[in-house]
Amino acid sequence: MIIVLRKDVKQDQFQEIVDMIQELGYHAHVIQGTERTVIGAVGSGRGKDKLQAMENLPGVENVVPILQPYKLASLEVKPEKTVVPIRDGITVGGDEVVVMAGPCSVESEEQIIETAKAVKAAGATMLRGGAFKPRTSPYSFQGMEEEGLILLRNARDATGLPIVTEILKPSDIELICKYADILQIGARNVQNFPLLKEVGKVDKPVLLKRGMMTTIEEFLMSAEYILSEGNKKVILCERGIRTFETATRNTLDLSSVPLLRQRTHLPVIVDPSHGTGHWRLVAPMANAAIAAGADGLLIEVHPHPDHAVSDGIQSLKPEKFDKMMKTLSRFIDAADRKLAAPPQQ
Ligand code: PEP
Ligand code: MN
């Protein structure tokens with residue numbers, strides 16, 4: 001249920017409403033909008049009729065049921081778009097489009113620093129790189145782990161670019177939070193509910209990728225797991241789904257961008273690298289993602305894709321990334337948005 005408060009609600013009335021929601025067995029999520037304050041009464045408490053009856057309390061404008069199974073992620077609870085602050089004034093979900101670029105895996109100091117400098121020069125806003133890799137084969141490279149995180153931090157020190165990196169398990173949260181500016185939850189973990197709950201408890205933006213077999217509703221329910229634990233800084237990422245088509249690695253479902261926009265206030269970015277699996281398809285689909293209304297892009301870039309330990313085929317060389325960014329800027333203009341500048345060093 002959504003309890004919509006009157007503009008002139010008094011502090012003691014507000015407190016009484018919150019207490020009553022909790023006594024009925026629900027969590028009271030207070031959402032402060034620019035126009036009005038609403039409280040999302042969320043949970044499996046038994047007392048729907050009593051919640052509805054709160055309409056009669058002083059300070060309450062009206063009480064409306066939330067029709068979607070996801071509550072805090074829904075536009076019903078929060079009609080205004082969420083703008084997620086990252087660091088140094090960079091945000092995701094506002095007027096500016098962000099580009100997160102970098103290698104699939106962190107491989108060496110030289111590789112990550114060279115890539116960071118190149119993507120920054122081309123206009124990227126953030127640096128991505130995996131230190132903990134979820135590989136299909138247990139015999140494939142699994143990531144440099146903490147050594148990789150240290151290299152990412154060195155790259156941030158060298159360029160100022162905020163860091164996006166993947167987390168695979170709850171026990172790594174403390175370690176990864178020391179280095180990362182955004183925690184990435186990969187496609188394979190989109191329904192790892194214990195992990196979602198843990199990242200819901202920290203004060204760090206979370207980039208939640210759609211799974212290869214996740215419906216839009218399931219995707220939003222995963223976001224709901226994070227939001228319901230208190231972390232409101234969730235960014236959704238479309239990265240393609242598995243279909244009968246084998247000519248591409250995944251089928252990049254760009255219709256999810258406007259569709260998500262109709263259902264949620266959370267920012268949505270697109271990953272055309274994993275979405276297509278081929279570097280030649282990345283730039284056209286990046287342009288299309290911006291045209292579809294994406295708030296940003298996640299792009300794999302590697303100085304020597306032929307020698308990359310993971311995802312070389314879909315990685316752009318820095319010069320190709322630079323070319324992509326030049327064309328992309330015209331699509332960003334056409335979408336009436338701006339490219340978020342990387343932090344000043
Ligand atoms: C990645 O970003 O390198 C990655 C593993 O992506 P996904 O989880 O989308 O496969
Ligand atoms: Mn990858």
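1. A polar side-chain atom of Arg-128 lies 2.7 Å from an oxygen atom of ligand 1. Lys-133 has a side-chain N or O atom 3.0 Å from an oxygen atom of this ligand, and for Arg-188 the corresponding distance is 2.9 Å.

2. The model is predicted: local features need pLDDT of at least 70 and side-chain atom pairs pLDDT 80 or more, while totals for chains, interfaces and linings use all residues. Residues are numbered from 1 along each chain as its sequence is written, chains are lettered from A and ligands numbered from 1 in the order written, and side-chain values use heavy atoms, without hydrogens and water.

3. The residues around ligand 1 (a heavy atom within 4 Å of it) include Cys-104, Glu-166, Gln-184, Lys-209, Arg-239, His-274 and Glu-300.

4. Asp-295 belongs to the loop between helix H10 (279-291) and strand S14 (296-300); helices (H or I, at least four residues) and strands (E, at least two) are DSSP runs numbered from the N terminus. Is Asp-295 buried or exposed? Asp-295 counts as buried because its relative accessibility is 0%, where buried means under 20% relative accessible area and exposed over 50% (1.4 Å probe, protein chains only).

5. The side chain of Asp-295 makes a polar contact with that of Arg-337 at 2.7 Å and another with that of Arg-261 at 3.3 Å. Within protein, a polar contact is a pair of N or O atoms within 3.5 Å, one able to donate a hydrogen and the other to accept it; residues adjacent in sequence count only if both atoms are side-chain atoms.
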